[in-house]
Amino acid sequence: MIELAEEESAPERIEDSTPRDIDNDGDYQDLNGNGEKDFADVVTYFDHMNDPAMTDHADAYDYNDNGEIDFADLVALFNQI
């Protein structure tokens, strides 16, 4: 019998936008859903990093893979722009 892994649900909306994983790496860097990684995503990350929409989906926003959402992830996102 083959077991299928549970499909991961997309992160919740942040403000009025649905974050996107535009490069299919499992990280959702496009927080404003405009199809690009840009400075607006860094601002959105900073403004909402303690919101349940992000903390409940930490694996989608943990860009340095340390198991938590923190300022190091914010810097990592900025460096990807």
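**Figure 1. Overview of the predicted chain.** Of the 81 residues of the protein chain, 35% count as buried, where buried means under 20% relative accessible area, exposed means over 50%, and partly exposed covers what lies in between (1.4 Å probe, protein chains only). This is a predicted model, in which local features need pLDDT of at least 70 and side-chain atom pairs count only at pLDDT 80 or more, while totals for chains, interfaces and linings use all residues. Residues are numbered from 1 along each chain as its sequence is written, and side-chain values use heavy atoms, with hydrogens and water left out. The protein chain holds four helices and zero strands, and from the N terminus on its elements run α-α-α-α; helices (H or I, at least four residues) and strands (E, at least two) are DSSP runs, numbered from the N terminus. The accessible surface comes to about 5,300 Å², of which 48% belongs to carbon and sulfur atoms, with areas taken from the Shrake-Rupley method with a 1.4 Å probe and, for residues, only the protein chains shown counting as cover. Among contacts (heavy atoms within 4.5 Å) between residues at least 6 apart in sequence, 43% join residues at least 24 apart.

**Figure 2. Confidence along the chain.** The mean pLDDT of the protein chain is 88, and 88% of its residues reach 70 or more, pLDDT being the predictor's confidence in each residue, from 0 to 100. Over residues 1-7, pLDDT stays under 50, and for these residues the model has zero contacts beyond four places in sequence.

**Figure 3. The buried face of helix H1.** The buried residues of H1 are Asp 41, Val 42, Thr 44, Tyr 45 and His 48. Seen down the axis of H1, these buried residues fall within an arc of 165 degrees, so they line one face of the helix; the arc is that of the directions from the helix axis to the C-beta atoms. What covers the buried residues of H1 includes helix H2 (52-55), helix H3 (58-61) and helix H4 (71-79).

**Figure 4. The surroundings of Gln 29.** Gln 29 lies in the segment before helix H1 (39-48) and is buried, with a relative accessible area of 1%. Leaving aside residues up to four places away in sequence, Gln 29 touches Arg 20, Asp 21, Asp 23, Lys 37, Asp 41, Tyr 63, Leu 77 and Gln 80. One of these neighbours, Asp 41, is also among the buried residues of H1.

**Figure 5. The salt bridge between Lys 37 and Asp 23.** The structure holds one salt bridge, a term that stands for a side-chain nitrogen of Lys or Arg within 4 Å of a carboxyl oxygen of Asp or Glu. In this bridge the side chains of Lys 37 and Asp 23 meet at 3.9 Å, N to O. The pair links distant parts of the chain, with Lys 37 and Asp 23 each in the segment before H1 and 14 residues apart. Side chains of opposite charge can pair when their charged atoms come close. Lys 37 is partly exposed, with a relative accessible area of 27%, and Asp 23 is likewise partly exposed, with a relative accessible area of 37%.

**Figure 6. A nonpolar patch on the surface.** Phe 39, Val 43, Phe 78 and Ile 81 form a nonpolar patch with about 380 Å² of accessible area together. Patches are made of residues with over 30% relative accessible area and no salt bridge, in which like charges are joined within 9 Å and nonpolar side chains (Val, Leu, Ile, Met, Phe, Trp, Tyr) within 5 Å. Val 43 lies in helix H1 and is partly exposed, with a relative accessible area of 34%. The C-alpha atoms of Val 43 and Phe 78, which are 35 residues apart along the chain, are separated by 9.4 Å.

Figure 7. Ile 81 is found in the segment after H4 and, at 48% relative accessibility, counts as partly exposed. Ile 81 and Lys 37 are 44 residues apart in sequence and 6.1 Å apart in space, C-alpha to C-alpha. Not counting residues up to four places away in sequence, Ile 81 touches Lys 37, Asp 38, Phe 39 and Val 42.

Figure 8. Most residues other than glycine have a negative phi. Asn 24, although not a glycine, has a positive phi of about 55 degrees; Asn 24 is found in the segment before H1 and is exposed, with a relative accessible area of 68%. Asp 65, also not a glycine, has a positive phi of about 55 degrees; Asp 65 lies in the loop between H3 and H4 and, at 66% relative accessibility, counts as exposed.
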